[in-house]
2 protein chains.
Amino acid sequence: MNESVFNLVRNEHLQDKIVTAEEAALWIEHNMTLGLSGFTRAGDAKAIPMALVERAKREKSLFKVNVFTGASLGPEVDHFMAEAGIINKRLPFQADRSMRSKINSGEIVYIDQHLSHTAELIRNEVLEEIDFAIIEALAITEDGMIIPTTSVGNSAIFVQQAKNIIIELNVSHPGSFEGIHDVYLPAKQGERDPIPLKKVDDRIGTAGIPVDIEKIKGIVVTFQPDAASTIVPPDEETQEIADHLLTFLREEIKAGRLTEKLAPLQSGIGSVANAVFHGFLDSEFSDLEVYSEVLQDAVFDLLDAGKIRFASGCSITLSEEKGQNVYQNLDKYRDKLVLRPQEISNSPEIIRRLGLISINTAVECDIYGNVNSTHICGTKMMNGIGGSGDFARNARISIFVTKSIAKHGAISSIVPFVSHVDHTEHDVDVIITEQGYADLRGLSPRERVQVIITNCSHPMYRKQLLAYFEEALERGGQTPHVLEKAFSWHTNFAKNGTMLQEEGQLTGKH
Amino acid sequence: MNESVFNLVRNEHLQDKIVTAEEAALWIEHNMTLGLSGFTRAGDAKAIPMALVERAKREKSLFKVNVFTGASLGPEVDHFMAEAGIINKRLPFQADRSMRSKINSGEIVYIDQHLSHTAELIRNEVLEEIDFAIIEALAITEDGMIIPTTSVGNSAIFVQQAKNIIIELNVSHPGSFEGIHDVYLPAKQGERDPIPLKKVDDRIGTAGIPVDIEKIKGIVVTFQPDAASTIVPPDEETQEIADHLLTFLREEIKAGRLTEKLAPLQSGIGSVANAVFHGFLDSEFSDLEVYSEVLQDAVFDLLDAGKIRFASGCSITLSEEKGQNVYQNLDKYRDKLVLRPQEISNSPEIIRRLGLISINTAVECDIYGNVNSTHICGTKMMNGIGGSGDFARNARISIFVTKSIAKHGAISSIVPFVSHVDHTEHDVDVIITEQGYADLRGLSPRERVQVIITNCSHPMYRKQLLAYFEEALERGGQTPHVLEKAFSWHTNFAKNGTMLQEEGQLTGKH
């Protein structure tokens, strides 16, 4: 054992547990369930998954495992393990093209869960028992705590509930990550206390994950950075969305409903969410607080610019360039950052107590304010609901953003009836597109239609949306619909490659 | 002032505020917003609403008000005020035929909200400011606290936020109600503490609603009992649903996921929910706890039978017979009951902390586990979502019950795609019909289809459901659908009066 590893495995009982990834991979048996560290490609187990892929290539016999994680993982799991055909069941979130394709073909069984729910289901023994937790760590302390790396995710509950634990000790992460984490796990339901967190920067737990070291079967030393984030820079439309968000927030301040410090902000994963956060850079807002899941580039740009006072998350996922910059200067962020288990970052209790302003991305919205976050044309899974439901249901203001059209106008993101409902009309306060924003709070369904079509839909689809609504209105009801045409936009797209109807089709009933 | 009223208005500054309902009704102006006490026909303001109806008959000028409440109210508001055409906007729940009809015609603007959300929206000044809170009270204490009657509902937030308050001092309620309430209101979001409730019988607040007595503009003395509940007794199917629930719970105990004390139970409003609770009467279960919204007949039958140890609710709504029995013997229930604000009875924080078993009624479910709780054929409002979303999202086990068919088989309650989504696939753990139960936890969408069709759908619809799924499967996807036929069951019903297809229609694609 070399000296640096010796410094990182500080519990002497563990120092003879070091094995190779290949050795550890042989412990995994067909049909086992793995609980892997990692959230949004950050802090994920990497070496053993790749060793499993290699083993599967060598072995002829059937070999499949269930993979439970925090959220999406890097290519080792969500691309290579998926491609190798060794994943049976996957939960609760993914965002990989290969995996998506195998999910939609039915080859991989995918369970799409609210990111705050997985830990409860594991604790209540509703899901398969976890045979091996495989956890990327920065260090193991003398008293046997696992210090996580760039994410906490579901690692703490995996460690608590798994029969066996394997550590991937990743020496590529800067040691200064130690002390950034705050690990708090609620007790069983019915026996637990209130979660004592009252401010975004409260520390309520331990600096690492407490572990029964008897359960640690092996330690694999690795040196591989996280896969970089794949977000693309802001474009004209996402900039316009950001501008509308700022306008909405200024109106809230004018109305006396927010102060200039706003409220703690949450933003979903991906390029649009990142771009929208970026909009705060050139704004008058400062002293902002973030209480979110993944912390992306924009959060660190805002920290650099002195716009964000403190950011609480459950993972850090950065582009290659931003990552180098941040990790080489981690000390300057140490007192402005905390990483928590996703059960805490996404806790309904905390989200509601703090009164977050929550910003998530929609695949499509309908004229009544229902949101589809997951399914293309109601059938094909994109990524999953992630934490958007945890936040939207409990936030002070629940905002969904989307560009008003996709595929150069062939798809309208505002439709008569969303083809899959992830967020109901009850949970969607504000919709923002590059066209403008629709503030739906306190509006009945019929009232919402007007503001959504007028403020958010693309002009090329407005007439068509209004024609649908007018025909529906003749039938009456709290939520007027022409059910036989409710999905006609999607079926038209499937048939003709566009949701746009011919001019003559817009009027009359046919 | 007679002596009994003197005993009830114990703050001497208030004793000259007594007015008639007619006088008080004259204070209400066109376009004002009223915050009315009452939840599920219990503890609702009655006299001033009827005086408003009478005033509207006398006056020629336009006169409409917004009516905010806890949930559904008795006939004075939800029938007579609706019929009189003096309601502009109504929220967050109703269950009256007259009001429903005016909502569906668009005459009354109805905003259907999660019952835990209304208080937050009022506190954050998102909804209209409340001009008058009209609160039914049992008494006003010396230090100026309003003691509620048979419900707490949203009364506390109305009292806190309204510009003016009128008390309906209802002397028909037994004085022994005093001490049953526990009023706790969270502070503003971002400034609040954890809600300190850890057990169903914890008392965390005050025995009444603290009030600034300067805001009390008048006191109207009334003597009118609550409208009795309209639930119907259990029938064969609801008894079968109850039996399947008990079987499911026994299996959970066998699997070690529940103990014989189960977990605190929640049950929705209405006959089916009441009947399902009734099923516990002849079961082996005892020492049960209830943490629910409305406490209906079955809860008191179970208290009488010694099956329930303690029940926490936000209102008591009983049939005439049960009501007489309970209210004449209220003392014997005093240490087994507490009534809380709906913000606490329906708090996501508490529901999740306690780990409730939640049982709510579905209008229809789809083969993937989405639930419609509100809309007939996607358009016409029945009652509203009520608290079902507060519970389903946060419960330990979220159960939805429904009979598998309605209208003698013309309607299947299990359909390919629900015509309105109130509870998404992510929030529905178990579906129970008289046919059996489907445990959906940890299942992917395709896996759910099999158990829902096999265990829950009516045999007369099974072939038809399977034919839909098989056709959908050919198109693939995480959630296979034939979008152009997704609502064909509803449109068939509208056209032919039945969802049942001809035998020949079941096969092939057309």
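Biologist: How are α3(A) and α4(A) oriented to each other, roughly parallel or roughly antiparallel?

Modeller: In this predicted model, helix α3 (residues 47-58) of chain A and helix α4 (residues 75-83) of chain A pack with their axes 9 Å apart, at an angle of about 10°. Axes are lines fitted to C-alpha atoms, over the stretch in contact for helices, and angles run from 0 to 180 degrees between N-to-C directions. Angles under 35 degrees count as roughly parallel, over 145 as roughly antiparallel, 65 to 115 as roughly perpendicular and the rest as oblique. The two helices are therefore roughly parallel.

Biologist: Which residues of α4(A) make the contact?

Modeller: Contact means heavy atoms within 4.5 Å. From α3(A) come Pro49(A), Met50(A), Leu52(A) and Val53(A), and from α4(A) come Glu76(A), Val77(A), Phe80(A) and Met81(A).

Biologist: Why do the residues of the UniProt "binding site" annotation not all gather at one spot?

Modeller: The annotation, from an unreviewed entry, covers residues including Gly270(A), Gly387(A) and Lys407(A); such annotations may be inferred rather than shown by experiment. The annotated residues span 140 residues in sequence, so they do not all gather at one spot, the farthest two C-alpha atoms being apart by 26.3 Å.

Biologist: Is Gly387(A) buried or exposed?

Modeller: Gly387(A) sits in the loop between β22 (380-381) and α14 (388-394) of chain A. Beyond its neighbours within four places in sequence, Gly387(A) contacts Leu115(A), Glu293(A) and Asn346(A). Buried means under 20% relative accessible area, exposed over 50%, partly exposed in between (1.4 Å probe, protein chains only). With a relative accessible area of 4%, Gly387(A) is therefore buried.

Methods: Residues are numbered from 1 along each chain as its sequence is written. Chains are lettered from A and ligands numbered from 1 in the order in which they are written. This is a predicted model: local features need pLDDT of at least 70, side-chain atom pairs count only at pLDDT 80 or more; totals for chains, interfaces and linings use all residues. Side-chain values use heavy atoms; hydrogens and water are left out. Helices (H or I, at least four residues) and strands (E, at least two) are DSSP runs, numbered from the N terminus.
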